[in-house]
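User: I have just opened this model and would like to understand the words used for it. Could you walk me through them?

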Amino acid sequence: MVQRARRAVVFTGAGISTECGIPDFRSPGGFWTRYKPIDYSEFLASEDTRIEAWRRFLMIRETIGKAEPGPSHRAVAQLAERGHVATVITQNIDGLHQASGIPAQRIIEIHGNGTYAKCLTCGLRHEIGWVKDTIEATGRPPRCTACGGIVKSATISFGQAMPEQEMADARAATLNADLFIAIGSSLQVFPAAGFPVLAKQNRTPMVILNREETGLDGLADLVIHADSGPVLCAVMDRIRAA
């Protein structure tokens with residue numbers, strides 16, 4: 001299926017990054033089972049809440065900031081380089097697809113990116129190190145150096161609207177795909193999980209590669225319950241030998 005594809009979409013979730021030492025924060029015992037999520041409206045309303053949100057984010061950043069692309073990321077990058085994969089749609093915020101060598105314009109981050117921050121008013125980028133230093137120096141949440149607006153990690157928070165352009169781009173890529181491969185996602189978080197459904201409605205062949213069963217397994221043309229790294233490396237070996 002991969003060998004025939006020329007416009008494949010790879011849709012990735014947390015499972016593709018667990019092999020890089022990044023835990024699945026939604027799994028039992030994960031970060032979001034131990035901390036009540038902070039809603040976007042609460043983040044905007046209170047300085048104290050923003051400080052707490054940044055404290056949590058910086059805890060997570062300590063985990064994901066040192067991670068490097070794993071075998072799955074590298075295999076997807078090779079498939080993109082060989083012309084099989086056109087677009088990567090990811091729920092992840094770790095930036096590892098970019099680090100694996102896939103051009104940024106071919107990656108759609110529907111939940112944002114946790115490697116930097118930005119002003120919610122003017123959109124100016126701010127580095128995470130600067131945010132950390134500012135909080136440590138002042139004890140207050142950071143404000144934009146250009147306009148004074150609220151600075152937030154460039155991720156989509158609970159209660160925050162999904163990014164319109166990224167969602168539109170992901171929809172267009174899905175409708176244009178000749179193969180849709182979902183990797184390491186439980187396919188339970190909507191609206192993101194709507195993309196594999198859209199692919200099947202468009203009669204696109206679909207593969208689900210995930211350790212556990214998903215609620216969309218019944219829609220897929222092929223389901224593989226396994227760690228993604230060994231499977232994708234085997235796919236690459238087969239393609240190289242062809």
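This is a predicted model: local features need pLDDT of at least 70, side-chain atom pairs count only at pLDDT 80 or more; totals for chains, interfaces and linings use all residues.

User: Why is V207 called buried?

Analyst: Buried means under 20% relative accessible area. V207 has 9% relative accessibility, so V207 counts as buried. You will find V207 in strand 8 (residues 206-209).

User: Which residues does V207 touch, leaving out those up to four places away in sequence?

Analyst: V207 touches M1, L179, F180, I181, A182 and L222. As for E136, 71 residues apart from V207 along the chain, the two C-alpha atoms are separated by 46 Å.

User: How do you know that C144 is in no disulfide?

Analyst: A disulfide needs two cysteine sulfur atoms within 2.5 Å. The nearest cysteine sulfur to that of C144 belongs to C122 and is 3.7 Å away, so C144 is in no disulfide. For C147, the nearest cysteine sulfur is that of C119, 3.5 Å away, so C147 is in no disulfide either. A search of the whole structure finds 0 disulfides.

User: What makes strand 4 and strand 5 a pair?

Analyst: Two strands pair if there are at least two bridges between them. Strand 4 and strand 5 (residues 125-127) have 3 bridges, so they pair, and they do so in the antiparallel sense. K118 stands opposite R125 in strand 5. The two strands form a hairpin with 5 residues between them, and G123 in the turn has a positive phi of about 85°.

User: How do you know that strand 4 pairs with strand 6 too?

Analyst: The same test of at least two bridges applies. Strand 4 (residues 112-119) is joined to strand 6 (residues 151-155) by 4 bridges, so these strands pair; they run antiparallel. The bridge partner of A117 in strand 6 is S153.

User: How are helix 7 and helix 8 packed, and which residues make the contact?

Analyst: Helix 7 (residues 164-176) and helix 8 (residues 194-201) pack at an angle of about 30°, with their axes 9 Å apart. Their crossing is right-handed. Helix 7 contributes M167, A170, R171, T174 and L175, while helix 8 contributes F195, L198 and A199. By class, that contact has 6 nonpolar, 1 polar and 1 charged residues.

Terms used
Residues are numbered from 1 along each chain as its sequence is written. Side-chain values use heavy atoms; hydrogens and water are left out. Axes are lines fitted to C-alpha atoms, for helices over the stretch in contact, and angles run from 0 to 180 degrees between N-to-C directions. A crossing is left-handed if the near helix is turned anticlockwise from the far one by less than a right angle, and right-handed if clockwise. Contact means heavy atoms within 4.5 Å. Ala, Val, Leu, Ile, Met, Phe, Trp, Tyr, Cys and Pro count as nonpolar, Asp, Glu, Lys and Arg as charged, and the others, Gly among them, as polar. Buried means under 20% relative accessible area, exposed over 50%, partly exposed in between (1.4 Å probe, protein chains only).
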